[in-house]
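Here is a short briefing to read alongside the model. Have the viewer open and follow along topic by topic.

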Amino acid sequence: MATAGQQLPGGHGADDLPWASDGQANVPYVFHDPVHEARIIGFEYDIMKAIGPIMHRKSRFIQNGWDGLIPGLTRGLYAMVVDGIEMTPEHKAAVLFTRPYYVTAERIVLRQDEKGLDSLAALKGHTVGTIKDTAAERMLLTQNPHGVRTYDEETDLFSDLSNGRLDAVLIDQPIALYYLTPSLKMVGAPIGSVAYGIAFAKNEADLRNDVDKALGVLMADGTLHRILARWNLWTSQMADYTGDHTQLDVKPVDYDAYEQAMARIRGSHGWGLVKRYASFLPAVGEGAIMTLAVSILAMALAVGMGLVLALGRRYGPAPVRWASTAYVEVVRGTPLLIQILFIFYGLPSFGIRLSPFTAGVLALGLNYAAYEAENYRAGLMGVPRGQMEAALALNMTPRQALRLVVVPQAFRTVVPVMTNDFIALLKDSSLVSVITLTELTETYVRLSATYYDYVGTGLLIGLAYLLIGLPFVRLAHWAEKRMGKALAPSLEGHH
């Protein structure tokens, strides 16, 4: 049985309680405080803070994208997942759940000028949006399979409703409550029932039982009631579920604070916008450093490995040529995103566990090595055969001829292309966000979703990419002038 002294999956010590959620646009579950962007808040965050002392552990939040939450759980990156995961039969087959910590229903949201779409049956024949892989999606598919549009982010969903791309939204009541704006309204009665549970890996039954007991304590002593009341989420459904029909004198202070913050954000102009973007700079700076670090290390790996592959294909014995060719074709023929996910989530099945940073560098470097190999092979083929023959005639060994004569000439012709490829890699590094690395693109998603500001935040992040990429663009131009005169069309970059 799990005890306070036992180290948990993903834990840093015996008193650590690591749990994961996707806090990018996850209001009101776990999200970044719009007033203090670096602070994490939310009703699930408060529940986990309350569970920690009961288990004599310190609760520690770990950010992971929604799609990576369960793979990260089975990989042992953290002990549990708390992210409004619905206790559906499919989810129960994949993970262990505690008892529900929140029960709710689906609600319909419309624009203020829309009428008549106040029931599930009435939505038939209309374009309705919801979050993918949810109970709401299943309900809509049974009623209106051709009119369902699913989303990853709530902000995109409600933005499309406001812009008229959707006729209605069907979504969990907590989300509907917090994403309402003056131009939207919640209509009709609650639909169906949804229960959220804390998820664990299948082999963590003892830990699940301990957390389940802690949840029972929160329900029995009224802590859960008070937390939900502060977030304006205590409902008659929760009273029936917990048997707690007491009337607490708890104001919805957290809900009110969020509503006031969002009202100020929507009304920000001029100096207020400048102050907001200035507050983004630390997060943008951290994202830029991560982007640059991953890109430089990955490119160094790609250059070294690409040269080895090119030499193997050009001068190696038959088995080496076949192996090098197979590597290049397989890597170029499969998506980079699949390779990143395989290295991070697939390799642990073979006993190889890499940190997110190492996995990101390795995936990018191995992918770009295939393209660099083709660049170098073309460069090697561009060196006249007479150069090798002349070197051999001077009593050089074949290895010396390659190292001192052929490779330097080939390398000289591919330097401009290699520089361009680094700029492409810099942009492709955004894909490592799927394995929990917070680089520039992930920073953009988080900030824009928190503040509903895709334009200003996008320009700021675009400027950051431009500033870190500009020196390499200038380097590419310089290299093209100095060395690119003999470039053939086949040496152009692959992106």
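Five strands make up an open sheet with mixed pairing, in the order β9-β8-β10-β7-β11. Strands here are DSSP runs of E with at least two residues, helices are runs of H or I with at least four, and both are numbered from the N terminus. This is a predicted model, in which local features need pLDDT of at least 70 and side-chain atom pairs count only at pLDDT 80 or more, while totals for chains, interfaces and linings use all residues. Residues are numbered from 1 along each chain as its sequence is written, and side-chain values use heavy atoms, with hydrogens and water left out.

- At the edges are β9 (148-151) and β11 (184-196), each pairing on one side only; two strands pair if DSSP finds at least two bridges between them.
- Strands β8 (residues 128-131) and β10 (residues 168-172) run parallel and are joined by two bridges.
- Within β10, V169 is the residue opposite G129.

**Helices**

**Salt bridges**
- The whole structure contains 14 salt bridges, each being a side-chain nitrogen of Lys or Arg within 4 Å of a carboxyl oxygen of Asp or Glu.
- One of them joins the side chains of D16 and R60, at 2.7 Å from N to O.
- D16 sits in strand β1 (residues 16-21) and R60 in strand β4 (residues 58-63), so this pair ties together parts 44 residues apart in sequence.

**Backbone details in loops**
- The peptide bond from V27 to P28 is cis, with omega near 0°, and P28 belongs to the loop between β1 and β2 (31-32).
- H56, a residue other than glycine, has a positive phi near 60°; H56 lies in the loop between α1 (43-54) and β4.
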